[in-house]
Amino acid sequence: MNLASQSGETGCSQLLFANFNQDNTSLAVGTKSGYKFFSLSSVDKLEQIYECTTGLYCLVLMCVCVCVCVCVCVCARSADTEDVCIVERLFSSSLVAIVSLKAPRKLKVCHFKKGTEICNYSYSNTILAVKLNRQRLIVCLEESLYIHNIRDMKVLHTIRETPPNPSGLCALSISNDNCYLAYPGSATIGEVQVFDTVNLRAANMIPAHDSPLAAVVFDASGTKLATASEKGTVIRVFSIPEGQKLFEFRRGVKRCVSICSLAFSMEGLYLSASSNTETVHIFKLETQKEKPTEEPTTWGGYLGKVLMASTTYLPSQVTEMFTQGRAFATVRLPFSGHKNICALALIQKIPRLLVAAADGYLYLYNLDPQEGGECTLMKQHRLDGSAEPPNEILEQGSHDRPLTAQTYNTAGMKGTHPQSVVSQIGTGRPGPAGSLVVRTLDQ
C-alpha cells in the first residue's frame, strides 16, 4: 500500500507505506522518518521487530546463556532513510528492499540486522513497486519491468514498453515451482500478462475483464491468479499458467468501487477483497458438489426451479449473476474512503483477516471457517507502534477458539529457507561487509 501520492489525504500524516510480507508473518511500515517491521504472531500486541529512523541508534540485544552480546546498528542521517515510500522484506529474513521519495529512482537492498547495504541500483524512471520471492526481485516502472536474480542481484531480463501502468500494478508468485509474474497487458481492457521469471518467457495472456485491471494476486502455490477490474463488481480466479477461469465472485451490484487489495489465505481456500468502501468481502474457493435432482415440495422451491430454468433464455449478463459466487464472510470497517491492504493469516491457530489502513491503524478480525458471516473485530493497533487504550478487544469469548475442522498448511512455501538466501547474498559477494555496489540501468 503506497500512500506517497496521497499522504496529505491520509489519517496518519507520517505514514507513507504499509505491506505484509510473503507469508503474512510480519508487517512493514514506511514513514517520513524511516521504516519499521512488526511481528504478526499475536493478536493482543503488535511487537516491533526493527526500527530504522533518521539519526537513530538501534540497540539489538541478543542473550546467549550467561553471555550478553550488544549489536549497535547505526542508521545515519541520509536521504535514503527518510520518506520511505517502499519497504519490502523477504519472508522473515534480514533482506529488505527500500525506496525513498528523496531518491525515487534508486533501489537499495540491505541486510537490516547487520546494518549493511548489499547493493543499490538506479533506474531511468520512478520505481512504483518492488516484489520479492526466494528466486527473483522485480522492479516495476511505469512502462517497464526489471527482473533480478535475488542471489547476486544481477539483471536477468527487462520487459520494455509495457502498457502504461502508473499505479505499478503487478504480482509475483512466492512459489519456487511456479515463479510467475503478472502485470497489465493493456491500459484499456483487463488483460493480464503472465510471465515465467525462471525461463524468462511469456507464459499466457488472460482476457480477465472488460475494464482495466485494478488488482492482481497469486495464491501461495502459484497455480491460481485472482483479478479485479476498475469497475470492482466481479472478482475472477484463473488457473496458472493455463488461464482457465475457475471461480467468479460478485462483490456487489449497486455501485462500482475502487478495489484496494486482493489476498489469498496461505492454503488457498479463502480470498479477500477490500475497496474504498467500509466492507471487506471474503470468498471461499470451493467447488459446489452436484446434488441429485429433487422435485420441489414448496412454493419457494418451484419458484427457484423456474428462475434457474429461465436463465437459458436471459441475456448473458443476467445469467452470470445467477451463477456467480457470493461472499462467505464480510467485515465492516470503522471507516470508508481510506486506502488499505488486507491479508488472511493464521495467528494463534485461528484464521484472521488483517487490514492495514491509511488512517494509521492495523485492524484484526476473526474469521469463522465453518459458518463465515460477519467477522468480529478483535483488536486494533497503531501502525506507529504506540499503545492503544485497553478497550479494543471486542466480543472475544466463543469466537477465539482453535480450529478443529480446517487443516492449514504451507504447501506453497517449498524451497530454500529465507535465512540461507540472505546468507548467500550477504557473503557471496566480494569485498568487505557493507561495501556499496552501484549500477545504473539505462532504459
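Aspartate 196 is buried (under 20% relative accessible area, with a 1.4 Å probe and protein chains only), yet this residue has no salt bridge, meaning a side-chain nitrogen of Lys or Arg within 4 Å of a carboxyl oxygen of Asp or Glu. The nearest side chain of opposite charge is arginine 201, 4.2 Å away; for charge, Lys and Arg count as positive and Asp and Glu as negative, with His and the chain ends not counted. Aspartate 196 sits in strand S17, residues 190–196 (strands are DSSP runs of E, at least two residues, numbered from the N terminus). Leaving aside neighbours within four places in sequence, aspartate 196 is in contact (heavy atoms within 4.5 Å) with Cys179, Tyr180, Arg201 and Ala203.

A word on the model. It is predicted, so local features need pLDDT of at least 70 and side-chain atom pairs count only at pLDDT 80 or more, while totals for chains, interfaces and linings use all residues. Residues are numbered from 1 along each chain as its sequence is written, and side-chain values use heavy atoms, with hydrogens and water left out. The chain averages a pLDDT (the predictor's confidence in each residue, from 0 to 100) of 80, and 70% of the residues score at least 70. Over residues 55–77 the pLDDT is below 50, though the model gives this stretch 39 contacts beyond near neighbours in sequence. Residues 316–323 also stay under 50, with 11 contacts beyond four places in sequence. Where pLDDT is low, the predicted coordinates should not be read in detail.

Now for strand S3 (34–39). Six of its six residues are buried, so the rest of the structure largely encloses S3. In a regular strand the side chains alternate between the two faces of the sheet. Here Gly34, Lys36 and Phe38 are buried on one side, and Tyr35, Phe37 and Ser39 on the other. S3 pairs antiparallel with S2 (residues 26–31) over six bridges, where pairing takes at least two DSSP bridges. A hairpin of two residues joins S2 to S3, and threonine 31 stands opposite glycine 34. S4 also runs antiparallel to S3, again through six bridges, and there tyrosine 35 faces cysteine 52.

Tyr35 leads us to the largest nonpolar core, where Tyr35, Leu107, Ile127, Val130 and Leu137 have the most contacts among 37 residues. Such a core is a set of buried Ala, Val, Leu, Ile, Met, Phe, Trp, Tyr and Cys residues joined through side-chain atoms within 4.5 Å. S8 gives the most to this core, with five residues. Apart from it lies another core of 22 residues, including Leu27 and Ile341.

Note on methods: Helix = DSSP H or I, 4+ residues; strand = E, 2+ residues; numbered from the N terminus. Buried < 20%, exposed > 50% of the residue type's maximum accessible area, 1.4 Å probe, protein only.
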